[in-house]
Amino acid sequence: KRNFRGALERQWKAQGVVPMPTQSIKTREPIATNLAQLHYIERPPIEQRCFEAIVQPGALIRIKAPRNMGKTCLVERILHDAEKQNYLIVPINLLRIESAVINDLERFLKYFCTRVTRQLKIENKLGEYWDDELGSNTSCTEYFEEYILQQDERPIVLAIDNVDRLFPCAEVAANFFSLLRAWYEDARILPDWQRLRLIIAHSTDIYPTLNVNRSPFNVGLAVELTDFTADQISQLLHMSSKPG
């Protein structure tokens with residue numbers, strides 16, 4: 001499998017270098033600190049394109065790369081840049097969700113709303129907005145539109161890492177991804193939704209079967225991270241071999 005980690009580990013082994021631990025996306029507070037600790041090679045102009053895209057109203061950035069190729073590090077850099085713009089940031093990693101939750105649409109969307117609420121450190125009022133008669137997608141949308149997006153005038157950058165965790169869950173994936181596409185479309189005409197900026201990252205292109213008009217994977221800014229060049233691997237080896 002052509003990926004960065006495999007190539008780098010082979011070089012580490014050949015040179016007797018101890019591998020650095022894999023980093024993952026963290027909560028809001030330590031992002032700036034983590035960036036200083038990570039070994040990351042920029043791939044111009046990808047980073048600058050992402051920084052320019054995230055400041056656009058209703059932006060959607062979708063990042064695709066095999067595992068251990070740096071997509072989570074790139075997400076962290078976009079979030080860090082958004083923080084410097086005084087944006088609110090909400091990182092969510094779907095690898096942390098229990099299988100019982102991710103396979104049930106209502107439980108998943110309630111989990112999703114609750115995680116966003118906690119990351120923003122606002123009161124959870126999900127019970128006031130959830131209406132079984134309207135359905136889960138509509139209830140989730142109204143919670144965002146009428147509550148979350150009304151708490152602060154600043155843009156909210158919602159970064160969802162490892163969204164491919166949803167791909168095998170056909171019903172949940174179809175509903176959630178069509179929800180993200182609808183929010184993206186709403187941002188074209190509704191000022192409140194323009195303050196929501198989306199980042200979705202995944203490691204495979206084996207998408208669930210989605211109507212082309214209900215998919216978030218054919219809109220916004222597409223970013224695909226490819227394998228590192230020999231020069232970039234050499235730079236990473238040099239960085240990782242430095243003490244501290």
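1. Start with H6 (residues 105–119) and H8 (residues 136–146). Their axes cross at roughly 10 degrees and come within 10 Å of each other. With that angle, H6 and H8 are therefore roughly parallel. On the H6 side, the contact is made by Leu105, Glu106, Leu109, Phe112, Cys113, Val116 and Thr117. H8 brings Ser136, Asn137, Cys140, Tyr143 and Phe144 to it. Sorted by class, the residues in this H6–H8 contact are eight nonpolar, three polar and one charged.

2. Now for H3 (residues 46–54) and H4 (residues 71–84). The axes of this pair also come within 10 Å, and they cross at roughly 45 degrees. H3 and H4 are therefore oblique to each other, and the crossing is right-handed. From H3, the contact takes in Ile46, Glu47, Cys50, Phe51 and Ile54; from H4, Leu74, Arg77, Ile78 and Asp81.

3. A word on confidence. The average pLDDT for the protein is 85, and 81% of the residues score at least 70. Residues 18–30 are the stretch to watch: pLDDT is below 50 there, although the model gives this stretch 28 contacts beyond near neighbours in sequence. Where pLDDT is low, the predicted coordinates should not be read in detail.

Methods:
Residues are numbered from 1 along each chain as its sequence is written. This is a predicted model: local features need pLDDT of at least 70, side-chain atom pairs count only at pLDDT 80 or more; totals for chains, interfaces and linings use all residues. Side-chain values use heavy atoms; hydrogens and water are left out. Axes are lines fitted to C-alpha atoms, for helices over the stretch in contact, and angles run from 0 to 180 degrees between N-to-C directions. Helices (H or I, at least four residues) and strands (E, at least two) are DSSP runs, numbered from the N terminus. Angles under 35 degrees count as roughly parallel, over 145 as roughly antiparallel, 65 to 115 as roughly perpendicular and the rest as oblique. A crossing is left-handed if the near helix is turned anticlockwise from the far one by less than a right angle, and right-handed if clockwise. Contact means heavy atoms within 4.5 Å. Ala, Val, Leu, Ile, Met, Phe, Trp, Tyr, Cys and Pro count as nonpolar, Asp, Glu, Lys and Arg as charged, and the others, Gly among them, as polar. pLDDT is the predictor's confidence in each residue, from 0 to 100.
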